[in-house]
Amino acid sequence: MTIENPIFVTSDQIFVLLRHWALSFLPAAWQTIAGVLLSVAAIVCIFPALFALTTVFERKGLGRIQNRLGPNRVGPFGLLQPIADGIKSLTKEDIVPLSADAAVHFLAPVVLVVAVFMGFAVLPMGRNMALVDMDAGLLFYFAMGTSTELAVFMAGWSSRNKYSLLGAMRAVAQMISYEVVLLLSSVTVVMMAGSLSLTKIVEAQNHYSFGFPHWYIFTPWGCAGFVMYAIAATAETNRSPFDLPEGESELVAGYHTEYSGFKFALFFLGEYLAMFSISGLGTTLFLGGWSAPFLFLTWVPSWFWFFSKLMLSIFVFIWLRGTLPRLRQDQLMNFAWKFVLPMCLLNLFVAGIWRFLGDGWLRWMVCSAILIVAYAGMGWGEMRRGKIGPRSYRYAE
Amino acid sequence: MSFVFYMLAALSVTGALAAVLLKNTVHCALALTVAFAGLALLFLDLDAQFAGFAQILVYIGAVAILVVFAILLTKGSETPKDGVFSRTWLVGLVIAAGVFAVLGWAVIGSIRVLPQEKAVPTVTVLQIGNALVGRYVLPLEIVAVLLTAAMVGAVIVAMHEKEGEK
Amino acid sequence: MTPLASYLLVAALLFAIGLAGALTRRNAILVLIGIELMLNAANLNLIAFWRYGPHPELLTGMMFAIFSIAVAAAEAAVGLGLVIQIHRHAKTTDLDAMNRMKG
């Protein structure tokens, strides 16, 4: 049962083969454009479908964490809830405030969704399954990510509403700060893989020794990098515990207060797609992308591994949302600039040491020791200054 | 010239015109973003992928947001009562037209000696990286110092004065 | 018209528009917007000459443009910081009102 067995190669490459077959009906001049359109259509169909599944997954998951059932009326176990939600969003009245800036108000959700969809173009969803294999793929992804910040600002400002504007400013400030962390933790991976191209980064992780994969999360710098990337990803997508800009108990709904009906559904879609996209990037950079966890499991198709890791990351996002309380704005900005960013820079340094110490147990000890001592030292320093206290419990009497 | 080039040039020029002509300052900033995007696409048309993506990342993702924050912090969204153009707008327009005339005359006058269509240069990020730490390491370090100085300077310039020193 | 000439003309047009904006608008921030447009036009010139020049493998034009982008971002940050501080002092960003050295 080696991976060269034709059945497994076919199941692994099934989408690529389907695409070739569909394109073979067209004349040669049309094939590039039709191929691109077909892949784009596939992405535009799959990820919103996954979004629909995730909304019910999230509501039921949050419900179970909070000791209640989630939606369970519509369809078996509430699985048809997204259809009901979709019909509701599409048929609600689209209210635009009288003094709102109509053009910008209309364009904000459009810009958000377009920028988020563009990020999917470089993710390698399986062997040979990246839509575009760019030499500077990671840079393209981050360029699209920063475009979403402007859409958030446009939404908040055009509503002419104090809550919206405040939510938008907070959201943009938070996204800019954590963008730096996101970039720096990805730079470590680029340094070790030697390329900005996401397909090459996955291929660099696709080796096995003693049955264990060479994913970057299994190295000291990769583990620290992944934790920081996960924190930054939660903050970039405005998810709990970093969801002050859109928390219902704080700011009504933040920058999308004045949106209703289909435009709100677009914002919702944009937020979840951003979550998928950033989880996809996280799995590509740290979790090995489409590579299987053990050598004896390489017969399972590569796209199955990519999507499983993606859904696992989404599950962790949902879990964090149900468990951790919200961080205050100044707390989360302090955290980003004064704790996570120095750890990121230290991580870069540690990755360099890892490279130059050569193979063996020495580099594991040295790198882990540096990271653990730095983390413990900074945490102890913060506790000494009273910024972080021990956990306190208050029980309902 | 290709249709793509004309479309992108029209997009950039329209964005630039809107950025200097519109009354609402925030609309000007958003039009500037459109102009930046058009320019980034022009860079991609010229096979400079790294420069194009860096343009989007830096200009749209940072400079445009900086401009918008500055507009909001200085109450720029209120239109001034005397209009948005300065008293001496005609002189400025004449000077700008003059500059364009000179530049255009220089370009059109030298069409015969300008290089013709060439093969696409293949630029990999690896080559850019090698160039940055090889031939251009001094400018790289100077830009690093410059960015640090600019960051510290901007924070100091825009900081609130301490209450005790008033 | 050669492709290089068309790119140079577009860059010249953008430069002139940026210059007009910097010279005719009242708000200090719009002057900075004009300056950013001028810098972008110069970048376009650099990349166009790199692409159609004699030695594109030397990457000179591309490097120059990348450094120019970095420097322009730094200059925008400092300039906008100055505008914010001036607004705090003079309560306005109208350049026509700020025509005296007296504080």
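This is a predicted model: local features need pLDDT of at least 70, side-chain atom pairs count only at pLDDT 80 or more; totals for chains, interfaces and linings use all residues.
Student: What makes up the secondary structure of chain B?

Tutor: Chain B has six helices and zero strands. In sequence order the pattern is α-α-α-α-α-α.

Student: Why is chain B called more spread out than a compact globule?

Tutor: For 166 residues the globule rule gives 15 Å, whereas the radius of gyration of chain B is 21 Å. That value is well over the rule, so chain B is more spread out than a compact globule. Along the principal axes, the C-alpha atoms of chain B fill a box of roughly 65 × 45 × 25 Å.

Student: What share of chain B is buried, and what makes a residue count as buried?

Tutor: A residue is buried if 20 or more other C-beta atoms lie within 10 Å of its own. Of the 166 residues in chain B, 33% are buried.

Student: Among contacts in chain B between residues at least 6 apart in sequence, what percentage join residues at least 24 apart?

Tutor: The figure is 55% for chain B.

Student: How do you know that chain C touches chain B?

Tutor: Two residues are in contact if their C-beta atoms lie within 7 Å. By that criterion, 64 residues of chain C are in contact with 72 residues of chain B.

Student: Which element of chain C gives the largest share of that side?

Tutor: Helix 3 of chain C does, with 20 residues. The elements giving two or more residues are helix 1 (3–24), helix 2 (28–52) and helix 3 (60–90) of chain C.

Student: What is the make-up of that side by class?

Tutor: The side of chain C that touches chain B has 44 nonpolar, 13 polar and seven charged residues.

Key. Residues are numbered from 1 along each chain as its sequence is written. Chains are lettered from A and ligands numbered from 1 in the order in which they are written. Helices (H or I, at least four residues) and strands (E, at least two) are DSSP runs, numbered from the N terminus. The radius of gyration is taken over C-alpha atoms; the globule rule is 2.2 Å times the number of residues to the power 0.38. A residue is buried if 20 or more other C-beta atoms lie within 10 Å of its own, exposed if 12 or fewer, and partly exposed in between; C-beta atoms are placed from the backbone. Ala, Val, Leu, Ile, Met, Phe, Trp, Tyr, Cys and Pro count as nonpolar, Asp, Glu, Lys and Arg as charged, and the others, Gly among them, as polar.
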